[in-house]
Amino acid sequence: MRTAAATAHGELLRVVSLRDVTRQWHAEREAERFQRLLLPKLPDLAPFETAAVYRPAAVAEKLGGDWYDAVPLPGGAVGAVIGDVAGHSLQAAAAMAQIRNMLRALLYDRPATPGSVLTRLDRTLRAINESPVTTACVARIEPGGDAWRLLWSSAGHPPPLLLTPAGAAEYLHTDPGLPLGVDPARPRLDAVRSLPEGTTVVLFTDGLVERPDQNLDVGLASLAAIAERSARLPLGELCRILADRHPGDGHDDIAILALRMPAPPHDGSAPP
């Protein structure tokens, strides 16, 4: 409802106009519902603790291309993915679903490093269609003696955030690589990190930290400070706090995936 002042024959009038927003409200809710249907339900990854959060952009009727995924792999390993298809449209959401499913199949297909998985995905996408530019981070967590071993590779995506058992925050900065759909021939690098029990790895999309009026490093530093204050909370609560208090401007979707390391198997094999 809007009101405005007007005059008629010298008399001051108050004009009231009503606008039916019911259709817009339903469109926004349906868009968000469709977006959430495209996201996976996290499987049971015990003994790992896992949690994920998705929040749509402030303009809810614009479908986004943010997604997360996590899958159990042979040998007690876990695969984790975060990604962001450029654009806000039905086409971006459809491309996201296609890329997510292809990536899950490639992770399952055979033991491979995250970099080689991203390379195969990029070449496959180029061969079958013209996919939009997409950023992604693929990680593999596997038994590694008296700790867990994290292998990860980035396709132009923000770095993973690591929270130590003591609660300190650290970004796992490596060569960010090129987004998918830019140059499939370019080799992709893998990075490795040892993760003791109680370490938390947080993967997220850039909507969590980006805003046009500040440098990305400012948003990353703010997110790390928020995470440090909440590092020892259960993962579900930690993810909700990061989504609620994020330093981004709210004009892009947000996806967060967090995994916390259990006690490693003593012999380096798969846990029972």
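The largest nonpolar core of this predicted model has 47 residues, and those with the most contacts inside it are Trp67, Leu121, Leu150, Leu257 and Met261. A nonpolar core here is a set of buried Ala, Val, Leu, Ile, Met, Phe, Trp, Tyr and Cys residues joined through side-chain atoms within 4.5 Å; buried means under 20% relative accessible area, exposed over 50%, and partly exposed in between, with a 1.4 Å probe and protein chains only. Helix α2 gives the most to this core, with eight residues. Apart from it lies another core, of 24 residues, with Val53, Leu208, Leu223 and Leu242 among them. In soluble globular proteins, nonpolar side chains tend to be buried together.

A quick word on the ground rules. This is a predicted model, where local features need pLDDT of at least 70 and side-chain atom pairs count only at pLDDT 80 or more, while totals for chains, interfaces and linings use all residues. Residues are numbered from 1 along each chain as its sequence is written, and side-chain values use heavy atoms, with hydrogens and water left out.

Back to Trp67. Once you set aside neighbours within four places in sequence, its contacts (heavy atoms within 4.5 Å) include Leu39, Val81, Met96, Leu103 and Ala255.

Now for the sheet. Five strands make up an open, antiparallel sheet in the order β4-β5-β6-β7-β10. Strands (E, at least two residues) and helices (H or I, at least four) are DSSP runs numbered from the N terminus, and two strands pair if DSSP finds at least two bridges between them. β4 (66-73) and β10 (191-195) stand at the edges with a single partner strand each, so one side of each has no neighbour in the sheet. From one strand to the next, the twist averages 15°. Look at β6 (residues 134-144) and β7 (residues 147-155): they pair in the antiparallel sense over nine bridges, and Ala136 stands opposite Ala155 in β7.

Two helices meet these strands. α2 packs on the sheet and touches β4, β5 and β6, its direction making about 15° with that of β4. Helix α3 (residues 114-128) lies across β6 and β7, running at about 30° to β7. These angles run from 0 to 180 degrees between N-to-C directions, using axes fitted to C-alpha atoms, for helices over the stretch in contact.

Ser89 is partly exposed, at 25% relative accessible area.
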